[in-house]
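User: I've just opened this one and would like a quick tour. Could you walk me through a few of its features?

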Amino acid sequence: MKHRPVADVSALPDHAFGYHAPIWWGNTLMIFIEGAAFAILAASYFYIRWNFDAWPPSRTPLPGLGLSSINLLVLALSAAPFWNAARLAQRHERPVVVGAWLAFGVLFGIAAIVLRWFEFKALHTRWDSNAYGSITWTILAVHLAHLLAGTIETMLIALVMFVGPVEKKHYTDAAVMAVYWYFIVISWFALYLIVFIGPRLI
Amino acid sequence: MAHANAIPAFDDPDDRPGMLTANEEDETWATLTRTWDEGSGLWAWLRSTNHKSISRRYIVTAIVFFMLGGIEAGMMRVQLSRPENSYIGPDLYNQIFTMHGSTMMFLFAVPVMEAVGLYFVPLMIGTRNVAFPRLNALGYWMYLFGGVLLYVSFFYNTGPDAGWFAYVPLAGPAYSPGKRLDIWAQMITFTEIAALIGAVEIVTTVFKQRAPGMSLNRIPLFVWAMLVSSFMIIFALPAIVVSSSMLAMDRLIDTHFFNPAEGGDALLWQHLFWFFGHPEVYIIFIPALGMISSIIETFTRRRIFGYPAMVLSLISTAFLGFGLWVHHMFATPLPQLGQSFFTAASAAIAIPTGVQIFCWIATIWSGRPRFTTSFLFVIGFFLLFTIGGLSGVMIASIPFDLQAHDTFFVVAHLHYVLLGGAVFPLFAAFYYWFPKLTGRMLSERAGRWNFWLFFIGMNVTFFPMHLLGLHGMPRRIYTYLPEMGWGNLNMISTIGAVIIIASVCVFLGNVWISLRRGVPAGDNPWDASTLEWATSSPPPSFNHLFIPVVEGRDPLWDARDGELAVVTGLRTDRHEGLLTSVMDAEPEHRYEFKGPTILPLILAVFGGGCIVLAIFTPWGVTLGAIAAFIILTCWFWPTISPDYDTPRTR
Amino acid sequence: MTVPLQSALDPGGPKAAAILHLGWFLLITAIVAYVLVTVALLYALRRATHRPAAFDDSDFDEPNRERGRVRWVAAAVAATGLLLLLFIFVDVTTARSLGSPAVGEPLRIDVVGHQWWWEVKYPDSANPQNIVETANEIHVPVGRTVSIKMTSSDVIHSFWAPNLDGKKDLIPGHETRTWFRADSAGVYRGQCAEFCGHEHAKMAFFIVAEPPTQFEHWLESQRSGAATPTDSLAQQGERVFLSGSCAMCHAISGTSAGSNFGPDLTHLASRRTIAAGTLPNDASNLAGWIIDPQIIKPGVKMPPHHLDPGSLQALLAYLATLK
């Protein structure tokens, strides 16, 4: 096979943001996978609901709204530092600044994780009490796993930003981290509605 | 961010640098070889992140599992060949049919299809590696360890024994004591991770790394098939991730997902499992459809008829495939009206499949077929899969299914569609692509023996089962009484199995001898049209010397003057590739593929160890998370590459 | 009586008959479709192989030929669609006819699935004490609709007597209902059709369809408690039964044995088979079963009983009185 050059690509940049970057796709596909898993859990929740006459089952109190609503607020607000970090990253702002905003986001994450502990308690049931307990604990636990993974990942990226060496592609990582965080927040909105508000409606 | 302005496009012929000299090409070849060399020996092999090495391992491992699954099938056939046979008792028999199904579905069919995709998709789209090379390696190790887990437990007489579908409550803590089903559930964990990894690789690679000019309407149908199948994996696998985890939790930490006494439901398992399980068979089948397209095009020397219809058929098959799952549950007390919807959907999916078959026939009609072994297997596919597809429409009917469900009629159906619809295309693909993979041709003469033995054996084994099922023989029974009258047909079926085994032996012999003494293949022995044939056989580690530029669906037929348009300018001293836009494949930026590293193996070992621990204690999950965290930190920690732009620090 | 077959191709009732008719329609349609596709394929292969060797690629893109091919493919797809619509129509019609039983008061039966036997009850809504409890053998009157309510006590099973009807699953925590009617007298064999563990292969049952008067006679005799044994060997056997471990799992109405863990044995001697259809019910098989059921049905929940020959003979004599 003979080769006929028709273009030279050496001047192309070596990183990109958004859907131009493979890591964005890896992250997005991960979100599809985990989103599908949440959807299956939600479907299971409603399926199980119709095996009970009362929901929550009789003698189980309604899940507490106090701390869980506070946590919802915490997560909603947490989107802001991530959004800002992503914006600054795309502008190739100094790494320390990007790292600082990410670290700020980490604080929200830690707060959410701590509050999650109380949310489990607010369910007023155990995972081994009955199917209601099993599904609600599982939903909270799976989301907690995402919270933990997201918080720790953000910590690491922030650490890289502070300590270096930082390449331009690490800015892409920071921006993609924000997208993952939005998923964590948005999925929690849906799951909060199902687990905490749901029993009051259905 | 299109960078059309950044690339000197050489539109003006006077600007072009002209053809590359032989010296320049040789130098590029030498530098690339050096850069992409992974070394030799065991250490290098363990650290490999080259998609071709990893795919070869996948394929070899999958073939080993295929043979193990075949041995299990052989044992079942021996046991069933006569009424009241005492070759195998019930406990071992139940483990064997569970192992057979689990091996073929989880350890052979999906991995081998993904592996063939992971090998050929990068070559066909003109890139150098998959998007996430280390992740790809991790996928293989997880797959291997999952299979090893299953088989070690089987050899210790702790193999799962509740069927590959593990219905509860039988698979639950009350009726399956011990660790058998926990092992099954964690084997699923390993193989689901591997499958999901493969899917993410393929989608990302196909979207971002295609050769310039290879817009989405110019990618080979095999690449479309792998893309569609990968999306199916992404949306279907989570269902079994969730359900197998629920099963593991019911067994290990006393949750009640499937315990009717506490509000759980045995049917919940069935919904979740089949929501995964039905798409699973299309995940296996759709790549085979892609292989058929490649092979028919080459061996009829005719561009596939109706490319847009073929693509839409693949996509609609995928969507419809998610809407059929209840047809596995027709005998359960679900509402009749709801069930009827699934009859209609199960019938409807015959339409896109029909479109594909008719377009292929149209292609053959207007082409000029060459009856290579590969093409024979394709013809075998048509003849066998159609039987399976039609028996499938029969059991889409609820009344008919209520007689045929859980009998050997379904065993016949599923083997016609899986062997006819997936394994025959796979063998066709082996004969087609073996020259590219190894640089040698397989023997056509042995290939014919392979084909005919398999074709005859398959029919002798499975056709009688249609009748056995309607004559009342249920599935998953280790023996039957002489007065049932099933003995003769079962004996015939067992003879067929022997013929199939002979066929596989011929195949293995063919591979063994051809590896050593096969005719050297050259770059493009079949005069095919797609890019994998533009490079040497086997391909060099970097795939193509230069990234090609394409203007149509059949680059090598379009480039009839023996000249392939290429881009230059990628670094050869780094693992550098070109990324292009999703829709139109316009060059966008350069990308560095990660090189060899031992970290994927380490993560698989420690993470896998914790998954095995989770068979015994839930703390395995916690420990696994910690291990993963530590190893992934090392994985992602930046290693600076000099010459890349670094912003001001601090 | 001739050996009963277990086949969907030999209907003994209206549901199986309707399904068989549907099956023939499906089969013929499938064969026609298969022949058409195969002939088209083989013809395409044969015809195309005889193209001239010097074959011009531009032939493909000839617009008229292309249009012709598009029309053929479109026609084939349309034909497929029409055939599928026909299929759905026939399917829905058949399903409707199977849904509602004929008029008349059905005979109601309850079936509970166990690992690896069938608990069968004939409740009497008018007189609850009249309930008949038996195992693995279902007698029904010919020509009368039988309505079955089913559930499982452990894992999922499936009730399938192909000569009479399709199958229906027995699922713990759920109640499933089905109906059938036997239009000709005979013994119809059925078998569990959902994998339920070790001895799924040996979980059969028999539906004995008999003329209505014979059926009523049978039902009446099943309602009575066990006859008190009169000869001394049988009396000794009764003592062996009640004082040994048998009474811990098996009930015999009229005696102190009342456990329903295993099959009710009140009328054991009236049944054709033992061990859920595994062996004919005669003394030597029963002896082997009692001594060590694990040899006949490994994994079954009944333990071995190594009785001395005297006790065994007595027990067998007693069991033979349980008609």
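User: In which sense do β9(C) and strand β10 (residues 204-210) of chain C pair?

Analyst: Strands here are DSSP runs of E, at least two residues long, and helices are runs of H or I, at least four, numbered from the N terminus. Two strands pair if DSSP finds at least two bridges between them. β9(C) and β10(C) are joined over six bridges, and the sense is antiparallel.

User: What is the bridge partner of Arg189(C) in β10(C)?

Analyst: This is a predicted model, where local features need pLDDT of at least 70, side-chain atom pairs count only at pLDDT 80 or more, and totals for chains, interfaces and linings use all residues. Residues are numbered from 1 along each chain as its sequence is written, chains are lettered from A and ligands numbered from 1 in the order in which they are written, and side-chain values use heavy atoms, with hydrogens and water left out. On β10(C), the bridge partner of Arg189(C) is Phe206(C).

User: Which strands are at the edges of the open sheet in chain C?

Analyst: That sheet has three strands in the order β4-β10-β9, with mixed pairing. An edge strand pairs on one side only, and that picks out β4 (137-141) and β9 (186-191) of chain C.

User: Why is one side of β1 of chain A left without a neighbour in its sheet?

Analyst: β1(A) belongs to an open, mixed sheet of three strands, in the order β1(A)-β2(B)-β1(B). β1(A) and β1 (547-548) of chain B stand at the edges, so one side of each has no neighbour, as each has a single partner strand.

User: How far apart are the end C-alpha atoms of helix α4 (residues 131-163) of chain A?

Analyst: The expected span is 1.5 Å times one less than the number of residues. For the 33 residues of α4(A) that should give 48 Å, and the model agrees, with the ends apart by 47 Å.

User: Is Thr103(B) buried or exposed?

Analyst: Thr103(B) sits in helix α4 (residues 90-125) of chain B. Contact means heavy atoms within 4.5 Å, and beyond its neighbours within four places in sequence, Thr103(B) touches residues including Phe65(B), Glu72(B) and Tyr151(B). Buried means under 20% relative accessible area, exposed over 50% and partly exposed in between (1.4 Å probe, protein chains only). At a relative accessible area of 0%, Thr103(B) is buried.
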